[in-house]
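Please read them alongside the sequence and the coordinates.

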Amino acid sequence: MKIIIVKDQNVGGKEAFKLVEQEVDVGKLKTFGLATGSTPVTLYQELVNSSLDFSQINSVNLDEYIGLSAEHPQSYHHFMKEHLFEAKPFKQNFLPNGLAKDLEEECSRYDKIIQDHPIDFQILGIGENGHIGFNEPGASFEGKTAVVDLTDSTIQANSRNFEKIEDVPTQAISMGIKSIMASKKIILLAYGQKKAQAILETVEGEVTEEVPASILQTHSDVTLVIDEAAASLLTK
Ligand code: GLP
């Protein structure tokens, strides 16, 4: 794992942008794996302000809440439109459909999309409990796209974006850890003290399904862009 420690989220966005830019410049980015949450926002802002052209690049997102329409202000479809897609048109944008009638079929459809568009470069955030995408502690490292139950701590953490905690969906469709690990390159972003324990366990802890992000230790091309607060518990 390569670790870049930055002052704050703004500098983190700029550092991550440089890594994306390199890939686009050498023509290696055909499919871009994207994440939601507050963490990648500064990177997306850098992308929007840049002259990078994504019109020949596909994007595949990690996850979507079950029960929210694409137009719902808290859906990840809406988030991506607002923060990136409206300003930067891609060839195609793929996200799971949280309103699919047959959720099993939707998971298979999404796996087929990932199979047809192998991810070259995956952006990841991390949950306070070490989750990646919506793969919560205990999720199989061999897992593919699945319907997942969100843990109370994730519902609590994500409730800041909703009016009240009862409005937070309790389930999501998430790309599996196996698909995330199949990406050629991965950048994990984390900012703030609240992420420090998860970063410590991800970097220095045992590789265990109890800390989903710890599997990244076994990937050959992972870069962490984290701020001083998120890095504050690291000992090495
Ligand atoms: C959600 C998303 C994750 C994200 C995490 C952290 O649960 N499914 O992809 O990494 O939240 O969010 P934030 O960046 O807002 O801390």
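**Aromatic pairs and salt bridges**

1. Searching the whole structure, which is a predicted model, gives eight aromatic pairs. One of them joins Tyr-65 and Phe-134 in a tilted arrangement, with 5.5 Å centre to centre and 50 degrees between the planes. Because Tyr-65 belongs to strand E4 (residues 63-65) while Phe-134 sits in the loop between strand E6 (121-124) and strand E7 (146-149), this pair ties together parts that are 69 residues apart in sequence. Tyr-65 and Phe-134 are both buried.

2. Phe-85 and Phe-90 make an edge-to-face pair, the centres being 5.4 Å apart and the planes at 70 degrees, and both of these residues are buried. They also belong to a cluster in which ring pairs link Phe-32, Phe-54, Phe-85, Phe-90 and Phe-121.

3. As for charged side chains, the search of the whole structure finds 10 salt bridges. Among them is the one between Lys-178 and Glu-142, whose closest N and O atoms are 3.0 Å apart. Lys-178 lies in helix H6 (residues 177-181) and Glu-142 in the loop between E6 and E7, so the pair ties together parts that are 36 residues apart in sequence. Lys-178 is partly exposed at 42% relative accessibility, whereas Glu-142, at 53%, is exposed.

4. Lys-164 and Asp-167 form a salt bridge with their closest N and O atoms 3.3 Å apart; Lys-164 is partly exposed at 45%, and Asp-167 is partly exposed at 31%.

Technical notes. Residues numbered from 1 in each chain as written. Predicted model: local features only at pLDDT ≥ 70, side-chain atom pairs only at ≥ 80, totals over all residues. Heavy atoms only, no water. Phe/Tyr/Trp six-rings, centres within 6.5 Å; stacked < 30°, edge-to-face > 60°. Helix = DSSP H or I, 4+ residues; strand = E, 2+ residues; numbered from the N terminus. Buried < 20%, exposed > 50% of the residue type's maximum accessible area, 1.4 Å probe, protein only. Salt bridge = Lys/Arg side-chain N within 4 Å of Asp/Glu carboxyl O.
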